[in-house]
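User: I have a model open and would like to learn how to read its features one by one. Could you walk me through it?

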Amino acid sequence: MSYLKNKIINDPIYGFIHIPFDIIWDIIEHPYFQRLRRISQLGLSSLVYPGANHNRFHHAIGAMHLMNKAIETLMSKGHTITQKEHEASLIAILLHDIGHGPFSHALENSIVHKLSHEQLSIIFMHKLNEEFNGKLSLAITIFQKKYTKKFLHQLISSQLDVDRLDYLNRDSFYSGVNEGIINSERIIAMLNIKNNELVIDEKGLYSIEKFIIARKLMYWQVYLHKTVLSAEHTLMKVLKRAKYLATLGCQIYTTPAFKVFLYEKYKIDEVFFNQNKLLNKFALLDDYDILTCIKNWQYENDQVLSILSKTIINRKLLKIKSVKKNEIDLELNKIKNQASKKIGVKEDDVDYLVFPISIQNETYNFIEDEIKFLTRNNSLVNLSEMKKEFSINTQNSSIIKHYICYPYSCS
């Protein structure tokens, strides 16, 4: 391995990160990747945790660093990984989140349809592959789980991947929620390969237990914090309302980059996206476009758009309360009636201001893609088979919570 350009990045989590291949630096310098500096890692979580202002750029670099460490560990244990596979794996993890839109998930649920950030990442990768004369072909094959060495894809996407190893420590650091801190160095040191699969040396069991519990705590304390849910679902409602007004022909403020998506009359799905060559236009969109629009929408004539926009800009967020599943409809109708009277919005529009949220989080999947441990006698054991020693089981692994959001004036 050579460090021809001798580039390093000073990261607050890992210290100095070395860039091991020239093409990695060339990709980092590309405008598509630089855009990730303007895409928040945790959406609107900073409205709850003020320090959580880090971005997708930070995370992608960190995940690439951990991938490099993981491959070095596997090679040190005698496993064959060629330089081309090493380079391709780093490219794949570096670009794994490149398809994220503004505020990470907001557009997926409001402006574009059935077009996930994973699908957009693939579209970006193919476009970059053209520009780099086919040098990303192997990275794309690995990313899409089509390469013969299954463990390389598992390092990118599985129940124990470098993506999760980075975002847990990084999000803990910036949010200040210490429960998410894990020993990623220890976990990476325990990585191994058996039957072409990524496995963990048996003595790493307790590090994996800590990793899974940390992930569970981070989801309920940060990612699915109820105030964060209120803010992010309100953002989706803002965008849906703006899109609705645009389809009616109303002229509302928009940045040039966002205009093509806001005023497009047809559903923007993957086929439409590709046929109309929207990638370069999408690549101009970032958090600043959406925030600029919302700042201006506070003063729009449309009452619903104005109210929703003000809740985000002034952090006067919708109240969110927990409800039982069998009580959702009754509570929803009751609050909607109050909202129509107190706020004076039309019955057809009240759904933008009063709405239910159902959230499910699975700490660990005991059925698919189990984490496997390599025992001292060289056999494999699933984590579920060791769960007598483990504090998470099939009963408490998956949790569903139900909420209703509504204006405080309707309390």
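Predicted model: local features only at pLDDT ≥ 70, side-chain atom pairs only at ≥ 80, totals over all residues.

User: How is a pair of aromatic rings described?

Analyst: The general idea is that two values are given, the distance between the ring centres and the angle between the planes. Across the whole structure, a search finds 10 aromatic pairs. Take Phe-124 and Phe-282 as a case: their centres are 6.3 Å apart and their planes make an angle of 55°, which is a tilted pair. This pair links distant parts of the chain, with Phe-124 in helix H5 and Phe-282 in helix H14 (residues 279-282), 158 residues apart.

User: Which geometry does the pair of Phe-273 and Phe-282 have?

Analyst: That one is edge-to-face, with 5.9 Å from centre to centre and 75° between the planes. The angle is over 60 degrees, so the pair falls in the edge-to-face class.

User: Which charged side chains lie over the face of a ring?

Analyst: Here are two cases to look at. Arg-37 lies over the face of Phe-57, 3.9 Å from the ring centre. Lys-401 takes such a place over Trp-220, with 4.2 Å to the ring centre.

User: Let us turn to empty space. How is it found?

Analyst: The general idea is to roll a probe the size of a water molecule over the atoms, which shows where empty space is left. In this model the largest pocket holds about 1300 Å³ of space. It has 42 lining residues, and those closest to the pocket centre are Arg-56, His-100, His-105, His-117 and Tyr-219.

User: Which element supplies the largest share of that lining?

Analyst: H11 does, with six residues in the lining of the largest pocket. Elements that each supply at least two residues there include helix H3 (56-76), helix H5 (117-131), helix H8 (162-175), helix H11 (226-247) and strand E6 (355-362). By class, the lining of the largest pocket has 15 nonpolar, 17 polar and 10 charged residues.

User: What is the volume of the second largest pocket, and what lines that space?

Analyst: The second largest pocket contains about 250 Å³ of space. Its lining has 16 residues, of which Ser-40, Asn-53, Phe-103, Asp-287 and Leu-291 are the closest to its centre. Helix H15 (residues 287-297) contributes the most to this lining, namely three residues. Sorted by class, the lining of the second largest pocket has eight nonpolar, five polar and three charged residues.

User: And how many cavities of 30 Å³ or more does the structure hold?

Analyst: There are two of them. A cavity differs from a pocket because the probe fits inside but cannot get out. The largest cavity has about 40 Å³ of space. Among its lining residues are Gly-99, Ser-104, His-105, Leu-120 and Phe-282. Five residues of that lining are nonpolar, four polar and one charged.

User: Next, the backbone. Which residues other than glycine have a positive phi?

Analyst: Asn-133 is one of them, with phi near 55°. Asn-133 sits in the loop between H5 and helix H6 (137-143), and counts as exposed because its relative accessibility is 68%. Asn-378 also has a positive phi, about 70°. Asn-378 is in the loop between strand E7 (372-374) and strand E8 (380-382). Its relative accessible area is 45%, so Asn-378 is partly exposed.

User: What does Lys-203 touch, leaving out residues up to four places away in sequence?

Analyst: Lys-203 touches Arg-186 and Met-190. For a sense of distance, Met-236 is 33 residues from Lys-203 along the chain, and their C-alpha atoms are separated by 45 Å.

Terms used: Residues numbered from 1 in each chain as written. Heavy atoms only, no water. Contact = heavy atoms within 4.5 Å. 1 Å grid on protein atoms, 1.4 Å probe; cavity = no way out; pocket = protein on both sides within 12 Å on 5 of 7 lines; lining within 4 Å. Points joined across faces, edges and corners; volume = space filled by probe spheres on them. Helix = DSSP H or I, 4+ residues; strand = E, 2+ residues; numbered from the N terminus. Nonpolar A, V, L, I, M, F, W, Y, C, P; charged D, E, K, R; others polar. Phe/Tyr/Trp six-rings, centres within 6.5 Å; stacked < 30°, edge-to-face > 60°. Lys NZ or Arg CZ within 6 Å of the ring centre and 35° of its normal. Buried < 20%, exposed > 50% of the residue type's maximum accessible area, 1.4 Å probe, protein only.
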